[in-house]
Amino acid sequence: MNVKQPVLGPSGTLFFLVIVSAFPPLTTDLYLPALPTMVEMLNTTQTMVNLTLSVYFVTYALGLLFWGPLSEKFGRKPIMLLGLGIYVVASLLCAMANNVEMLISARLVQAFGGSAVTVVATAIVKDLYDGREREKIMATIMSLVIIAPMVAPVLGAFLLKIGSWHMMFVALAIFGALSTVLAFGFRETIEQRYTGSVLRSWGRLAVVSNNPKFISLLLIFTLPPMTLMSFLAAGSYIYIDGFGLSEQTFSYAFAFNALFASFGPTIYIKLSNRVKVSNIISVCYLILMLIGVLTYNIGHLSPWLFACLAAPATLMVIVTRVPGINLMLEQQTSDTGSAVAVIQFCSMMAGAIGMTLVTLHPDNLIHNLAIIQFSIGALASIMWYLAKNKAYVVDHLTTP
């Protein structure tokens, strides 16, 4: 462990990190059941409503690059508090939106604030933990955070029943306000702040990006989230419009996917005690390819068959997420905030591209998703095969 535990203590710190790490899935998944309804209520198109997702992710990704380096200069806590304040205000603006253009604009601001929270949360993990302990903490956080996409669509469908989609953003504002209260009780974790100017602090992004070892791993581990975001963008339309499920039933199918994913980090920790990590990653990417083939050929037969294919695809990506992030962070001895920003920026941009690609042909969403799953699995497999025996990888992989 690098520094003293913050004032919240070990358990309180873990709880706090889980809460603030839950911002991305909650902010996106809570209103997924309402997407088809919002098309009608806002008198707009599916493409415009989907922009509330894709614009969020693009802005969120750019915000990571803005906030990450600043957390090195001004500290983790001030940046997190500022981001939370922006997030709460923007969530209330989303709730008051009466047209899709206003909603998209408010979502842009919401994403900008939320990105500060996420980049700081991951940087805090790097500040506090090392090596295998960091992997275990990341696995624990991921496992608990995945509860959010299990609960969010169910809660969203319930709110849709008793009110309207506006209530979902009120709920997000309340969540942001409660997180702000917790953040005030958190002590700063960065020991040495960057002493250069603000402009030079952003220049640290270039320093991180000039590390070839970091970049080679970045290319491998930030592509697979594209499959998750593709499913996120297409899932409600596939289940509700394609298979004819109700919003409530869709939320259960989506929760099933998240439940499956929640076992990913634990599965990785257990397997890595017995199996070489490099082999775990290789098998996950091969299985993702196979699922792409199956989804393309039989995924359209029933919603439950589709769900049983989508869930393990999500699991494969989550299993590789823990060792992937840890390997990338191990390549940087400093500039943690900038490194985290670059990692999350690239993951989110890949996700935004996936969300766009999967909806290019709206009449073939399942086939589109299947092609993305297979292509990403194949590309990641090839790149991992070329990198897995390099010294900078082998030296930082957990050995059973």
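Are Arg 76 and Asp 127 buried or exposed in this structure? Arg 76 is buried, and Asp 127 is buried as well, where buried stands for under 20% relative accessible area, exposed for over 50%, and partly exposed for what lies in between, with a 1.4 Å probe and protein chains only. The views below show a predicted model, in which local features need pLDDT of at least 70 and side-chain atom pairs count only at pLDDT 80 or more, whereas totals for chains, interfaces and linings use all residues. Residues are numbered from 1 along each chain as its sequence is written, and side-chain values use heavy atoms, with hydrogens and water left out.

**View 1. Glu 72, Arg 76 and Asp 127 are linked in a network of salt bridges.** A salt bridge is taken as a side-chain nitrogen of Lys or Arg within 4 Å of a carboxyl oxygen of Asp or Glu, and a search of the whole structure finds 4 of them. Arg 76 bridges to Asp 127 with the closest N and O atoms 2.8 Å apart. This pair links distant parts of the chain, Arg 76 belonging to helix H5 (residues 76-96) and Asp 127 to helix H6 (residues 100-128), 51 residues apart; helices here are DSSP runs (H or I, at least four residues), as strands are (E, at least two), numbered from the N terminus. Arg 76 also bridges to Glu 72, where the closest N and O atoms are 3.1 Å apart. Glu 72 counts as buried because its relative accessibility is 10%, and Arg 76 counts as buried at 2%.

**View 2. Glu 188 and Arg 193 meet through their side chains in a salt bridge.** The N to O distance is 3.9 Å. Glu 188 is partly exposed at 24% relative accessibility, and Arg 193 is partly exposed at 42%.

**View 3. Phe 66 and Trp 202 form a tilted aromatic pair.** The structure holds 14 aromatic pairs, for which rings of Phe, Tyr and Trp (its six-membered ring) must have centres within 6.5 Å, with planes under 30 degrees apart called stacked, over 60 edge-to-face and the rest tilted. In the pair of Phe 66 and Trp 202, the centres lie 5.3 Å apart and the planes are at 35°. Phe 66 is partly exposed at 31% relative accessibility, and Trp 202 is partly exposed at 27%.

**View 4. Trp 165 and Phe 169 form an edge-to-face aromatic pair.** Their centres are 6.1 Å apart, with 90° between the planes. Trp 165 is buried, its relative accessible area being 1%, and Phe 169 is likewise buried at 1% relative accessibility.

**View 5. Phe 231, Tyr 239, Phe 243, Phe 250 and Phe 306 form one aromatic cluster.**

**View 6. A nonpolar surface patch of about 590 Å² includes Val 151.** Patches are built from residues with over 30% relative accessible area and no salt bridge, like charges being joined within 9 Å and nonpolar side chains (Val, Leu, Ile, Met, Phe, Trp, Tyr) within 5 Å. Besides Val 151, the patch is made by Leu 144, Ile 147, Leu 155, Phe 158, Ile 162 and Met 167. Helix H8 (residues 147-162) gives the largest share, 5 residues. Val 151 lies in helix H8 and is partly exposed, with a relative accessible area of 46%; accessible areas come from the Shrake-Rupley method with a 1.4 Å probe, and for residues only the protein chains shown count as cover.
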